[in-house]
Amino acid sequence: MNQTERLIVEIVLSLLLFLVPAFLFHTAPRFAGSLTGFILGVGAATLMVLLLIYPLAKYVNWFKSLITRLVSLRSLLAFHVYAGVFGAFLTILHTGHKYQSPLGISLLILVLVVVATGFVGRYYLPHTSTELREAESRLATLRSTYDQAAAAIAERQALEEAAAANISAPALRDVSVLQVVESIADLEYGIGSREALKKVFMRWIVVHVVAAILMYLLLTLHIAGEIYYGLRWLT
């Protein structure tokens with residue numbers, strides 16, 4: 001996810017955080033069944049259905065060969081992200097902040113879970129993996145520096161002699177061994193915390209897929225119910 005894509009997604013997700021509890025200040029009981037609410041609902045449902053294009057292109061070979069002639073998987077993934085967050089945005093607007101139907105509430109929760117887990121998989125985990133690699137690289141450098149410092153102290157060599165002997169420990173000139181040890185401890189603690197959190201979030205794909213399946217099931221029931229009971233804006 002590039003910086004522009006990330007910024008757009010974060011802005012929409014921030015709006016979602018404000019929109020979800022907006023029922024505390026405003027409710028429109030008949031909005032979801034009005035013409036405007038109907039249009040928003042259709043838009044949200046359309047975007048949710050279009051979300052299926054990316055997984056189909058990724059896992060179904062014949063569809064992949066067909067669709068990639070027109071658009072790349074990278075572009076489809078970007079569309080997948082945008083469709084998800086904007087679909088959730090339209091979903092909340094469609095409700096009119098009226099959270100009374102168990103089916104509607106469950107569907108809204110699943111939409112938010114799908115979006116949240118998708119964000120974790122698309123941005124958070126890659127970002128965390130990059131941070132872990134960088135931290136492990138710094139840790140390896142510090143450990144090497146500490147080993148060289150310990151060897152230099154054991155041999156009672158001056159730091160200037162160590163540098164003159166081409167020992168690659170430039171940090172020894174200005175940083176004491178105690179500071180190196182403290183930095184190693186801090187990095188090890190940070191790496192341990194990130195790895196523990198990463199293990200928890202590594203199950204995002206399971207939650208994402210299960211929530212998506214349930215979401216489409218409830219979406220089908222919701223649409224069927226609207227058709228069965230009629231649309232109020234037609235009457």
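A nonpolar core is taken here as a set of buried Ala, Val, Leu, Ile, Met, Phe, Trp, Tyr and Cys residues joined through side-chain atoms within 4.5 Å; buried means under 20% relative accessible area with a 1.4 Å probe, protein chains only.

I worked on a predicted model, where local features need pLDDT of at least 70, side-chain atom pairs count only at pLDDT 80 or more, and totals for chains, interfaces and linings use all residues. Residues are numbered from 1 along each chain as its sequence is written, and side-chain values use heavy atoms, with hydrogens and water left out.

Entry: cores.
I looked up the largest nonpolar core and found 30 residues, with Leu13, Met48, Met215 and Tyr216 having the most contacts inside it. At least two residues each come from α1 (3–19), α2 (35–50), α5, α6 and α9 (helices are DSSP runs of H or I, at least four residues, numbered from the N terminus). The most, eight residues, come from α6. I noted a second, separate core of seven residues, including Ala135, Leu139, Leu187 and Ile191.

Entry: Tyr216.
I left aside neighbours within four places in sequence and found Tyr216 in contact (heavy atoms within 4.5 Å) with Met48, Val49, Leu51 and Leu52.

Entry: second largest pocket.
I used a 1 Å grid over the protein atoms alone; a pocket is an open set of points where a 1.4 Å probe fits, with protein on both sides within 12 Å along at least five of seven lines, and lining residues have an atom within 4 Å of a point. Of the 26 lining residues of the second largest pocket, I listed Tyr54, Pro55, His80, Trp204 and His208 as the closest to its centre. The largest share of this lining, seven residues, comes from α9.

Terms used
Buried means under 20% relative accessible area, exposed over 50%, partly exposed in between (1.4 Å probe, protein chains only).
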